[in-house]
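Thanks, everyone. I will take this one quickly. Please have the model open while I talk.

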Amino acid sequence: MKTFVLLLAAMLVCSCSSVRQNPDLIADGPGKALRLWYDEPAPDSDKGWVDRSIPMGNGYMGVNVFGGTATERIQITENSLYAGSKYLNNFAEVYIDFDHTAAGNYERELNLNVGISRVKYEQSGVEYTREYFTSYPDKVMVIRLSASKAGTLSFTLRPTIPFLGAAKSGSVSAKDDTVTLSGVMSYYNIKFEGQFKVIPAGGKMKAGTNGTITVSDADRALILIAVGTNYTFDPQVFLTEAPTEKLAGLPDAHAKVAGYLADAAAKSYEELLANHQADYTGLYDRVSLDLGTTAPAIPTDKLVDAYPDGASSRYLEELAFQFGRYMLICSSRAGTLPPHLQGIWNVDEKPMWGSRYLHDMNLEMAYSPAFSANLPELFESYTDFFKAYVPREQLYATEFIKQYNPSQLDPNGDNGWCGPFWLTPYEVPRGGRFGTGGWIALIFWDYYDYTRDKSVLADTVYPALYGQANFISRFVQEIDGALLAKPSWSPEQKVRNSIGTTFDQQMFYETHHNTLTAAKILGRSDSRLSIYEAQLPRLDPIHIGKSGQIKEFRPEEYYCDFDDALDPHHRHASMLLGLYPGQLINDKTPAWLDAAKTTLTLRTRRTNIGWALAERIAMWARVHDGDEAYAFYTTLLEKNYLHNLFNDHRSIELFQADANYGATAGVAEMLLQSQDYVVAPLPALPAAWPEGSYRGLLARGNFEVSAQWSNRQASRLEVLSKVGGTLALRYPNVAKAVIKTPQGQKVDFAATGSDQIRIETAKGQTYVVTDIPVCIPVAVPSNLKINRDVKNQIELSWTASPDAASYNLYRAVGNAPDYKLIASDIAGTNFVYKAPDLEQIDQMTLKVTAVRADGHQSDEGATVIRLLP
Ligand code: FUC
């Protein structure tokens with residue numbers, strides 16, 4: 001307890017001192033205490049696990065703590081423990097019997113600032129305290145049990161193996177100060193072991209014959225927990241067919257687990273805590289978000305129940321944002337398996353979808369906040385895993401090229417790698433969902449683009465991109481003048497065996513594009529790269545339909561019209577992946593951006609799936625609609641977040657971690673974007689967040705960005721250039737702002753109009769933007785209509801913008817990404833557009849914008865699709 005208080009005090013001193021050093025800068029660190037807390041334990045049941053237990057983790061293990069007083073329950077997950085071919089299994093149920101049946105003044109918490117959970121209560125006049133943390137550097141869970149009165153701490157530690165049976169054998173034994181739990185999962189011959197060491201101060205300790213350790217009348221005690229299996233990242237695991245041979249020859253878990261425990265036991269509690277703190281806060285503290293709230297007096301379950309209208313609802317929004325970062329820190333650490341559908345938490349014998357790695361959305365969403373929310377090194381967990389499974393995917397790539405496009409087969413078997421649909425730590429089935437490889441390649445590219453680490457690019461990113469581009473370049477077939485995927489699919493739609501779906505084509509396009517950019521940076525050239533270059537313009541990724549939508553399937557005309565099996569409200573919005581997380585649809589492709597917005601509107605709000613709500617936050621943010629993005633965040637928190645903030649996949653208390661990660665990523669997109677090499681702070685701020693600040697979000701180019709705003713207008717922006725390079729910064733009127741270093745030196749910049757500047761940055765330098773003149777947006781005209789369409793003449797009318805002195809008319813023909821200006825200075829709200837080519841154009845988008853007397857144009861316009869009559 002004392003250490004805990006000291007620790008918090010140390011943190012406060014630390015954050016105050018950094019503020020003092022730079023009095024002008026937006027406050028460092030997480031600033032305020034963000035914690036989940038409750039005034040009673042989680043019920044000891046499945047419902048208690050999913051809804052109220054506190055999740056912890058260090059990559060090596062996921063842990064759910066219940067906080068009981070008569071008996072504490074600590075449930076442990078180890079991500080390589082597979083029962084059968086498809087199901088992750090619960091590793092251990094650990095009980096600590098205290099027999100405290102009359103506890104009062106109870107409180108338990110998870111403090112996100114420090115990554116520590118705590119239980120505190122009084123029983124028979126003694127205050128009992130427990131602290132829990134899961135340490136990545138020391139690879140153990142540490143539990144410290146304290147009592148306010150010497151000699152009053154007594155308990156029995158009782159680890160157990162759940163779901164023993166045909167698939168799982170094992171036993172628990174205790175000797176001296178250590179309980180060992182070990183056994184075998186028969187299907188893959190997985191040998192597992194857990195060790196639990198008890199270090200009491202004072203009192204007596206006794207090992208029981210039934211695998212328990214009892215401590216009586218101690219002053220305090222430590223429990224250290226290490227777990228493991230003989231699983232190792234090794235291509236052999238995926239290449240070997242026979243399940244029981246996959247782990248053959250790999251070292252046993254015993255020595256490893258015993259080593260973790262011995263190393264940890266050689267350190268003091270203070271040392272273990274300091275290691276954990278340095279590691280955890282080194283990641284967590286990089287980002288803070290303040291929506292102007294203070295910590296509420298009500299416990300977190302009540303906070304969740306009161307949302308969205310509770311007095312502290314904004315606090316829950318901050319908490320949920322940081323909770324996604326916390327969960328990624330717990331579940332994705334270098335050298336350990338990446339987060340699966342349930343992250344690193346599972347209580348079941350057979351969890352839903354086997355806790356697998358699904359690659360048509362879920363896995364990608366797990367990594368969605370890694371870069372923008374400034375945790376890039378957490379992606380190393382996946383890159384290690386990828387290197388182990390990719391040799392298997394290379395074999396599939398060759399099989400698929402042989403099957404679908406044999407003329408392109410490389411005689412030496414170098415056909416790149418094919419994207420998985422789903423996999424487990426042991427199996428990559430033959431997938432045949434081709435766009436998923438490009439989706440993975442997109443994350444690899446962002447890993448470089450956000451960090452600009454050239455050795456990462458050369459060693460990890462480029463080989464992954466190049467191999468995926470290699471596969472794509474051989475797989476695509478020339479059809480109607482384009483290079484298309486055949487067969488092709490759009491995630492989870494019931495229409496199968498299509499050709500050139502937007503999902504596949506967009507992912508292919510992004511891969512080729514990024515591979516070529518990477519090759520240029522590294523100075524690489526070869527004949528295969530020349531092929532990618534020639535193919536790129538023929539990948540034809542975007543088609544605009546007659547509803548003004550981005551088509552999902554090529555035969556589609558009006559939105560979702562071509563096959564009754566299509567669900568117009570489908571949770572997947574795969575035709576928009578080029579908008580988010582891709583960059584194909586961006587501010588330099590305004591016609592596509594408008595089509596993306598139309599598509600998002602047509603996809604409607606009618607989904608109750610957590611991850612789909614989370615994805616829509618980011619997608620709406622990318623089309624700059626902060627209020628709509630926020631509406632999805634609100635719905636997610638209100639309908640899907642359980643009392644422990646676990647995301648409930650679809651309102652049946654089925655936990656899936658994807659939306660927890662995705663919500664964080666979505667909020668980050670509302671606060672900062674950086675696609676197409678332009679850093680844009682506050683691009684989609686909702687009316688619900690009029691005041692606030694954030695610190696430390698990451699933009700592509702490795703710029704750390706902080707912002708402060710009031711009345712939804714930035715009062716201060718800061719950009720720390722971590723690796724130097726050109727910074728393109730966009731914010732309304734930024735070119736008219738004061739831009740200085742924190743030391744007060746004026747900064748040179750070049751302006752493009754009033755809203756964008758360019759600074760040649762120096763590595764390590766911070767750039768501070770203040771005194772940004774308010775730019776009041778020009779109200780958008782609406783309701784653009786075609787009243788008459790006769791030979792080469794279109795009569796248009798629209799509803800006025802109150803701000804307009806005049807209007808501009810634009811057109812985008814067919815699938816064009818951009819608009820061309822047709823007429824400017826239009827007075828009034830109707831116009832007759834005459835042009836000699838109108839009878840030759842099957843489809844175009846017309847758009848009217850408002851221009852104010854000061855020359856400012858509305859950001860958006862009213863659009864209408866004109867089809868040849
Ligand atoms: C994909 C999604 C589902 C679910 C499943 C685990 O199939 O479409 O909604 O998340 O993965």
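Two terms before the sheets. Strands pair here if DSSP finds at least two bridges between them. Strands (E, at least two residues) and helices (H or I, at least four) are DSSP runs, numbered from the N terminus.

Now the ground rules. This is a predicted model: local features need pLDDT of at least 70, side-chain atom pairs count only at pLDDT 80 or more, and totals for chains, interfaces and linings use all residues. Residues are numbered from 1 along each chain as its sequence is written, and side-chain values use heavy atoms, with hydrogens and water left out.

Strand 33 (793–799) and strand 36 share five bridges, in the antiparallel sense. Look at I794: its bridge partner in strand 36 is Y833.

What is its strand order? The order is 2-3-4-5-10-15-14, open and antiparallel. Strand 2 and strand 14 (204–207) sit at the edges with a single partner strand each, so one side of each has no neighbour in the sheet. Neighbouring strands are again turned by 20° on average, direction ignored.

Stay with strand 2 (54–57). I54 and M56 point one way, P55 and G57 the other, and all are buried. Buried means under 20% relative accessible area, exposed means over 50%, and partly exposed is in between, with a 1.4 Å probe and protein chains only. Strand 2 pairs with strand 3 (62–65) over four antiparallel bridges. P55 stands opposite N64 in strand 3. The two strands form a hairpin with four residues between them, and G59 in the turn has a positive phi of about 85°. Strand 3 then pairs with strand 4 (71–83), antiparallel, over four bridges. There, G62 faces T77 of strand 4.

Y307 to P308 is a cis peptide bond, omega near 10°. P308 lies in the loop between helix 6 (300–306) and helix 7 (313–331). K486 and P487 are also joined by a cis bond, with omega about 5°. P487 is in the loop between strand 21 (482–484) and helix 13 (502–522).

Two aspartates have positive phi. D480 has phi near 50°. It lies in the loop between strand 20 (477–479) and strand 21. D480 counts as exposed because its relative accessibility is 78%. D771 has a phi of about 50°, in the loop between strand 31 (766–770) and strand 32. At 54%, D771 counts as exposed too.

Last, the ligand. Which residues are around it? They are L341, W353, L358, D360, N362, E492, R571, H572, W611, H649 and Q656, each with a heavy atom within 4 Å. Polar contacts are N or O pairs within 3.5 Å. An oxygen of the ligand is 2.6 Å from a side-chain N or O of H572. For R571, such a distance is 2.9 Å. A polar side-chain atom of W611 lies 3.0 Å from a ligand oxygen.

Terms used:
A polar contact is a pair of N or O atoms within 3.5 Å; within protein, one must be able to donate a hydrogen and the other to accept it, and residues adjacent in sequence count only if both atoms are side-chain atoms. Axes are lines fitted to C-alpha atoms, for helices over the stretch in contact, and angles run from 0 to 180 degrees between N-to-C directions.
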